[in-house]
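Here is a short briefing to read alongside the structure. Keep the 3D view open and find each part as you go.

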Amino acid sequence: MARALYIHWPFCLKKCPYCDFNSHVRAGVDVAAWQAALLADMRHEAGLASGEALESIFFGGGTPSLMPPSLVGALLEEAERLWGFAPGIEITLEANPSSVEASKFADLADAGVGRVSLGLQSLDNAALKFLGRLHSAEEGLAALEVAQKQFRRVSFDLIYALPGQSVENWRGELERALGFGTDHLSLYQLTIEPGTRFATDVRCGAFAPLEDDPAADLFALTRELTDAAGIPAYEISNHARPGEQSRHNLTYWRYHDYCGIGPGAHGRRGGVATVRHKKPENFLAAVSAAGNRISESRELGSREQAAEALLMGLRLAEGVDLARLSARFGLPAASMIDADRLRLLTDLSLVWQRGDRIGVTPSGMPLLDALLGELVSGELVAA
Amino acid sequence: MTDLALIRNFSIIAHIDHGKSTLADRLIQFTGGLTEREMSAQVLDNMDIEKERGITIKAQTVRLNYTAKDGLTYQLNLMDTPGHVDFAYEVSRSLAACEGALLVVDAAQGVEAQTLANVYQSIEHDHEIVPVINKIDLPAAEPEQVRKEIEDIIGIDASEAVLASAKSGIGIAEILEAIVTKIPPPKGDRDAPLKAMLVDSWYDPYLGVVILVRVIAGTIRKGLHVKFMQGGTDHLIDRVGFMSPKIEQTKELAAGEIGFITAQIKEVAQAKVGDTITTVKNGATEALAGFKEVQPVVFCGMFPVDAAEFEKLRDSIGKLRLNDASFSFETESSAALGFGFRCGFLGLLHLEIIQERLTREYDMDLITTAPSVVYRIQLNKSRTDPAQELMLHNPADYPDPSRIEQIDEPWIKATIYTPDEYLGSILKLCQDRRGIQLDLTYVGGRAQITYELPLNEVVFDFYDRLKSISRGYASFDYEQIGLREGDLVKMSILVNNEPVDALSMIVHRGVAEARGRHMCERLKDLIPRHLFKIPVQAAIGGKVIARETIAAMRKDVTAKCYGGDISRKKKLLDKQKKGKAKMREYGNVSIPQEAFIAALRMGEE
Ligand SMILES: Nc1nc2c(ncn2[C@@H]2O[C@H](COP(=O)(O)OP(=O)(O)O)[C@@H](O)[C@H]2O)c(=O)[nH]1
């Protein structure tokens, strides 16, 4: 059963214009009520999927660094009681790089958090303003310094391929970022997601997203610089020094089971996909009604699982092991992957094959969605 | 049987929207053909497409009984004629069935250029033209101005034109009176052997094939054993009648009268427009003049988007053909498009109508290939085959060029009416399409241009261009004038080095390069980027004459994807796969359906 636990904290001080995650801005949050609800949700989940010690816990959001450290501590304590912790468990928390939050880092570390992922997003104040962030570049870097003191493992996020961003501009920023010496980096190209303020802005012509061709150039540059710095990509947008990958996120990409609690959290366990109520108020109400807080629980067919495993696994530099997937889902490899397309894409050096493993080459990575459309056999896709 | 002197046969000439249908309805109502309740709006145009496009595809006739001021009751037969050049032959037969016409002109719009062609055609049939100035109720109506236009532009006396408003029922009695007094009665010997002209036919699910006839001589009645002189078949007449516009049966139709017959005929193809119907015993020996075997002149492939719908397409085409003998079809298979049909039409509009009916009435998703004309090819003898002649309907069947001695292509004589300001651009268009100018005259501020044009240049989006150049003001009319030798070659389109049969076409060598370049440019825009770069080439034989390259796709990736996103990603993948099912695979390239049609539109140049 699941060895990874995701805990969602849905609140933010402000909604970022590019973000389509389940985040909400509320005037006040009743911490006691949320503590009770999350603990109850966790117990409920453990009742369905415990038995193996947890190897990773991830606090995501929203802005989980807004949680009182005492709440984080209480949740971790309960998780350990319910599942048990494997030695060397990875406990990550996403944090906002503001001075207020940085002041809590010591307490969060005391509560058990060992790894933070800082939402730096940019080292440039104009870009931060465009991205609707509340912190300044200086404040962000100060928070990074505190984090590096307080936590053994620190990662941070940058968003690039901003409208009009040049190769030189990104090179400068990334080189600086590499200079901070973290062991993990998440480097995301800005994507305009439906339903976000940016989507509206683009529709109204307020700005135009960077074109695909220059964005692809920036992607290639990112690979080049991170490789040279010894912090290569192990996933499309994630880079780590050897051994420093996010174990929790690898669980998703390797399509292993994970539990998800908190509003809108997704889980996959034993071939069942779960989703919690998304809206914080609905989530709370569902928990206090002592009913189910899972809004959806659906059994996935083996084809659907195989499709999910492929579309997650091929994000990784390591690729997927077709023989193992085949055994796991009881499907012949031929029914999962279109062999003709595989040959064609291999010839084009967009995909590689080594024994039972297949994967996407560095030059194929920026084309992954298109490649998946070609590679994943029609048989796995809903009619 | 009505006395010849009490019969009037007439049609209505009007520009679209000048009020033909409204007036027809008024005439029916006034003479009591239908009660108010039975009048569904615009009785004559009965197909949706006819209503929308404002054209009539099938001839319809209504018999009106009108008691005139002289106290006598007249039989008035109102013939609604097909309204498009593609049906020029059918129109000529309908006109041949009448002795006069009402010319309806909108009092606010005045005479439109297109009307001229129709009036002249009517005059050629010796028709008496009765001008009607309609819509005088409109504040913008200028009847006197229009009266003058009719005289100046058309050149007929309009001093007695009836001022009318079909909408408010003004002038209807005067129109009926003018029909009786101005239009001559038909002539015809009722004792002579039967000669009835087959004006049109259509399929009725209850009656079978219904045939519209104008009796020229003799009498046709139920129980008579008749033969179709051109079709060569015999039939027993089982119904004789007319439309009031309700179907009414009668004992007989005598010379001068118009009505319908049925004779247990299963297919309209047996009832050829213009045929002469006579009795098997003691029949006429000579058929009526003017018969023509209608031949499809424009061909295209029609394929179901979903290959599984091939049988459904066959069924639907079969049903349409029941009612329209003028188009032909046979199965065709294309490497790109799978199984479908090669269909032949009277013209481009006819093609569009059939295509639209298949999509709308039969709910078919279709891919239609480039329209093509019929070429006559003389082949030299080869080691294995003798010299021969073949008619090429499909560029895909183009023979080995080394054996081709000569290719002939169909030409037309086109008459275009246009307001003066568009003349220059239209002349250029005709010139670009290899046209030969025959005549250029002015009729009251409008130009009439006569050109000889190769039909294959016309099927290639000529109408669209003409319409856009003239903002819809130019009209176009044509007749076929036979085959002429042309320096024609087959141009292939290669996508990723594979020829796409559905995009190949026969073109004149002189325009091949320009056309090839244009096709490549269009395809470059229409085919989405792929994972690899795609050469798009136009070639004649082995020689590439134009080339474009579709650059490889550079980016298509979801930057951020964690646990919560799997379901969303999966949905995206499902959608992507479904989108692919709607494309055609060609040398690993997916070509969207629209590309097949859109590539052939020249667009603005
Ligand atoms: N004001 C006015 N409108 C008319 C008159 N006759 C027809 N119309 C309108 O003109 C439009 C075109 O008429 P219709 O009979 O369909 O024209 P058709 O295309 O020639 O058959 C319709 O909206 C009619 O209602 C008329 O005498 N006066």
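**Around the ligand**

Of the 16 residues around the ligand, the ones that come nearest are Gly19(B), Lys20(B), Ser21(B), Thr22(B) and Lys167(B). Keep in mind that this is a predicted model.

- Helix H1 of chain B, residues 20-30, gives the largest share of the shell around the ligand: 3 residues.
- Sorted by class, this shell holds 7 polar, 5 charged and 4 nonpolar residues.

**Where the two chains meet**

- Chain A brings 38 residues into contact with 24 residues of chain B.
- Several elements of chain A give two or more residues to the side that touches chain B, among them strand S6 (184-189), helix H9 (212-228) and helix H10 (247-253).
- Helix H12 (302-313), helix H15 (339-347) and helix H16 (368-375) of chain A also give two or more residues to that side.
- On the side of chain A that touches chain B, 25 residues are nonpolar, 8 are polar and 5 are charged.

**A helix pair in chain B**

- Two packed helices are described by the angle between their axes and the distance between the axes.
- In chain B, helix H9 (residues 423-432) packs against helix H11 (residues 462-469) at an angle of about 165°, and their axes are 10 Å apart.
- Angles over 145 degrees count as roughly antiparallel, so H9(B) is roughly antiparallel to H11(B).
- The crossing of H9(B) past H11(B) is right-handed.
- H9(B) makes the contact with Ser425(B), Ile426(B) and Leu429(B), while H11(B) uses Arg465(B), Leu466(B) and Ile469(B).
- The residues of this contact between H9(B) and H11(B) are 4 nonpolar, 1 polar and 1 charged.

Notes. Residues numbered from 1 in each chain as written. Chains lettered and ligands numbered in written order. Predicted model: local features only at pLDDT ≥ 70, side-chain atom pairs only at ≥ 80, totals over all residues. Axes fitted to C-alpha atoms, helices over the stretch in contact; angles between N-to-C directions. Helix = DSSP H or I, 4+ residues; strand = E, 2+ residues; numbered from the N terminus. Parallel < 35°, antiparallel > 145°, perpendicular 65-115°, else oblique. Left-handed = near helix turned anticlockwise from the far one by under 90°. Contact = placed C-beta atoms within 7 Å. Nonpolar A, V, L, I, M, F, W, Y, C, P; charged D, E, K, R; others polar. Near = placed C-beta within 6 Å.
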